[in-house]
Amino acid sequence: MQYQKSTKVIKSSRKMFLNQKYIFTFAVLIFGGCPVKDLKDFDIDIIGLKDKAYTFDFEGNNSFFKLFENSLVESGVFKVKLYLDKSATMIQLNFHITGSIELTCDRSLEQFDYPLDIEEKHILKFGEDDKELTDEIEIINRHTATINVAQYIYEFIVLAIPMKKIHPKFADQQYEENEEGLLVYRSKEEEETSEEKDEENIDPRWAALRKLNNN
């Protein structure tokens, strides 16, 4: 199954984030599981920050992804270097996420580690009401005391998942979709043979023009 990088669907989950926070707390108290502090570890108290630049470090593992309902990622480890620049009108967040997540190969159904090296940014502008302007710009109430960056990190990781998930051992093979939408794999040798056949079947008039261009 191919994951569609649907930003709209993923972004809509942010509006439910605060409600999920309390749901997670209740679930942990009743059923056990990930400690609640895992979510709070991604809090930043902006109310006490001066107007200048800051650097924050975060990290997560499998328990992080379990905090999100129907998560597209179940297993992984990552570290985040967050550069926060606060001014009187906005907060600029620049994320650098490194690590790896576990994916399932579309061809062999084998699991493999997919490396992460993500750089993304998000801007929070101060206003009267919470509102999302674009994928990268959001308005938050000017009296907001704390922001939680877990949702942003999760979204950036999910959006980094390739549409075609191929195990590294098949990296030397070409693949494409046939008319039925199924992945068809060809080795480099098969690809070269196919190109040679295409050259053999090319119109001789085009072949003559190609020779002129090469000269």
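Which residues have the most contacts inside the largest nonpolar core? Select Phe95, Val149 and Ile153 to see them, within a core of 41 residues. Such a core is a set of buried Ala, Val, Leu, Ile, Met, Phe, Trp, Tyr and Cys residues joined through side-chain atoms within 4.5 Å; buried means under 20% relative accessible area with a 1.4 Å probe, protein chains only.

Helix α5 gives the most, with seven residues. Helices (H or I, at least four residues) and strands (E, at least two) are DSSP runs, numbered from the N terminus.

A word on the model: it is predicted, so local features need pLDDT of at least 70 and side-chain atom pairs count only at pLDDT 80 or more, while totals for chains, interfaces and linings use all residues. Residues are numbered from 1 along each chain as its sequence is written, and side-chain values use heavy atoms, leaving out hydrogens and water.

Now pick Phe65 and Phe78, both buried. Their rings pair edge-to-face, 5.9 Å centre to centre with 70° between the planes. (Rings of Phe, Tyr and Trp, the last by its six-membered ring, pair if their centres lie within 6.5 Å; planes under 30 degrees apart are stacked, over 60 edge-to-face, the rest tilted.) Phe65 lies in helix α4 and Phe78 in strand β3, so the pair ties together parts 13 residues apart in sequence.

Technical notes. Buried means under 20% relative accessible area, exposed over 50%, partly exposed in between (1.4 Å probe, protein chains only).
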